[in-house]
Amino acid sequence: GDASSDPVLRLPQMEAELATLLEKKSRNDADKDRRLELKEAIKDAKNIAEFGVRRAQVRFYDAFSDGDVDSMDMVWSKEQAVRCIHPGMASLEGRDRVMNSWAQIFGSSPKFTIKPARVNIDICGLTAICSCIEETPGGGQIEALNVYHREGGDWRMTLHMASPIIIRQPGPPQPPGPPQPPRPPQ
């Protein structure tokens, strides 16, 4: 978790330094070189971060599919406030309430596999926002939002929110056609 050895922890500082250098609009070679160096380091740190978030996502969905409370416990943050919104339920806040809910779900429901699809990850400093569609057996789909925070060199979940997709949009809305002439009265 030391900022000097973890490029993801340095990401906010690198982005701030790059913004300062870009505002400065300096043309000297040292500033140009530093800008290029920072851009490359930021890109590398974001790639490392995205890989870590994807790994955390796999751990979450494996723990869910396996009905494994201990593995689920390892996914969730121990340092940050946590919140979970299961489909159709009110929000649960606090680690104890969230973990108790998983224990109840795993103890009362048959195991089933959930597979994330259409995963989108946005890294915002030490926080990662991950949206996806959870695909359930039988073709069900659940819209999910998972938020992770960088903690001890790893990504830990701070929010899981899931909502079943009941009404599917057929696609992007079509523009209206040309105006139709008024119909004569019948």
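The lining of the largest cavity comprises five nonpolar, two polar and one charged residues; here Ala, Val, Leu, Ile, Met, Phe, Trp, Tyr, Cys and Pro count as nonpolar, Asp, Glu, Lys and Arg as charged, and the others, Gly among them, as polar. The model is predicted: local features need pLDDT of at least 70, side-chain atom pairs count only at pLDDT 80 or more, and totals for chains, interfaces and linings use all residues. Residues are numbered from 1 along each chain as its sequence is written, and side-chain values use heavy atoms, with hydrogens and water left out.

A cavity is a set of points, on a 1 Å grid over the protein atoms alone, where a 1.4 Å probe fits but cannot get out, and its lining residues have an atom within 4 Å of a point. Grid points are joined across faces, edges and corners, and a volume is the space filled by probe spheres set on the points. The largest cavity holds about 70 Å³ of space, and among its lining residues are Phe64, Ile105 and Lys111.

The whole structure contains eleven salt bridges, each a side-chain nitrogen of Lys or Arg within 4 Å of a carboxyl oxygen of Asp or Glu. One of them joins Asp31 and Lys24 at 3.1 Å, N to O. Asp31 is buried, at 10% relative accessible area, whereas Lys24 is exposed, at 53%; buried means under 20%, exposed over 50%, and partly exposed in between, with a 1.4 Å probe and protein chains only. Another salt bridge joins Lys78 and Asp73 at 3.6 Å, N to O, and Asp73 is partly exposed at 23% relative accessibility. Finally, Glu17, Arg34 and Glu37 are linked in a network of salt bridges.

Methods
1 Å grid on protein atoms, 1.4 Å probe; cavity = no way out; pocket = protein on both sides within 12 Å on 5 of 7 lines; lining within 4 Å.
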